[in-house]
Amino acid sequence: MGNFSFHSDKIGISFDSHLANHNDEMKTLLLKIRDDVFSLGDKVIEEVRPHRIVYAKSLTFRYFLDIYPRPMDLVVSVRRNRRDPAREYIIRNYEEWKNISVEISTAYKEV
């Protein structure tokens, strides 16, 4: 079935590995974002990679959200379909995340 699961359990790479390198504010932000993404629907698939967290809608890897955690912010790429390029945002707090949450919800529905 590939490298995907509903919560990534791949040996050596876990969601917690991204939390370990961040301050409490960034940890809280990542956890809130994760909860928000999983609340979009029951088809959300998370794949944790060494430098980023990818969210897709199916095992054919139709990703709609890519998060690159950095020490002081997150680089978030939102992709609505295969034709259009991903839109990239820099997120430093939950309010900035909420500002793009409608776009992320739309991307989940359309991907």
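User: With the side chain of which residue does the side chain of Asp66 make a polar contact?

Analyst: Good place to start! A polar contact is a pair of N or O atoms within 3.5 Å; within protein, one must be able to donate a hydrogen and the other to accept it, and residues adjacent in sequence count only if both atoms are side-chain atoms. Here the side chain of Asp66 makes such a contact with the side chain of Arg52, at 3.4 Å. Before we go on, please keep in mind that this is a predicted model, where local features need pLDDT of at least 70, side-chain atom pairs count only at pLDDT 80 or more, and totals for chains, interfaces and linings use all residues. Residues are numbered from 1 along each chain as its sequence is written, and side-chain values use heavy atoms, with hydrogens and water left out.

User: How many salt bridges does a search of the whole structure find?

Analyst: First, the general idea: side chains of opposite charge can pair when their charged atoms come close. The rule used here is a side-chain nitrogen of Lys or Arg within 4 Å of a carboxyl oxygen of Asp or Glu. The search of the whole structure finds six salt bridges. One of them joins Arg52 and Asp66, 3.4 Å from N to O. This pair links distant parts of the chain: Arg52 is in the loop between β1 and β2 (53-56), while Asp66 is in strand β3 (residues 63-69), 14 residues apart. Helices (H or I, at least four residues) and strands (E, at least two) are DSSP runs, numbered from the N terminus.

User: Which residue forms a salt bridge with Glu46, and is Glu46 buried or exposed?

Analyst: The partner is Arg34, and the closest N and O atoms are 2.8 Å apart. Glu46 sits in strand β1 (residues 45-48) and Arg34 in helix α2 (residues 24-38), 12 residues apart. For burial, the cut-offs are under 20% relative accessible area for buried, over 50% for exposed, and partly exposed in between (1.4 Å probe, protein chains only). Glu46 counts as buried because its relative accessibility is 0%. Arg34, at 16%, is buried too, and so is Asp66, at 5%.

User: Where do the nonpolar residues gather?

Analyst: In soluble globular proteins, nonpolar side chains tend to be buried together. A nonpolar core is a set of buried Ala, Val, Leu, Ile, Met, Phe, Trp, Tyr and Cys residues joined through side-chain atoms within 4.5 Å. The largest one here has 26 residues, and those with the most contacts inside it are Tyr55, Phe64, Leu65, Leu74, Val76 and Trp97. The elements giving two or more residues to this core are α1 (15-19), α2, β2, β3, β4, β5 and α3.

User: In what order do the strands form the sheet?

Analyst: Two strands pair if DSSP finds at least two bridges between them. Five strands form an open sheet in the order β1-β2-β3-β4-β5, with antiparallel pairing. The edge strands are β1 and β5, each pairing on one side only. Five bridges join β4 to β5, and Leu74 has Ile91 in β5 as its bridge partner.

User: Which strands does α2 lie across?

Analyst: Angles run from 0 to 180 degrees between N-to-C directions, and axes are lines fitted to C-alpha atoms, for helices over the stretch in contact (contact means heavy atoms within 4.5 Å). α2 lies across β1, β2, β3, β4 and β5, running at about 175 degrees to β3. α3 packs on the sheet as well, touching β3, β4 and β5, and its direction makes about 150 degrees with that of β5.
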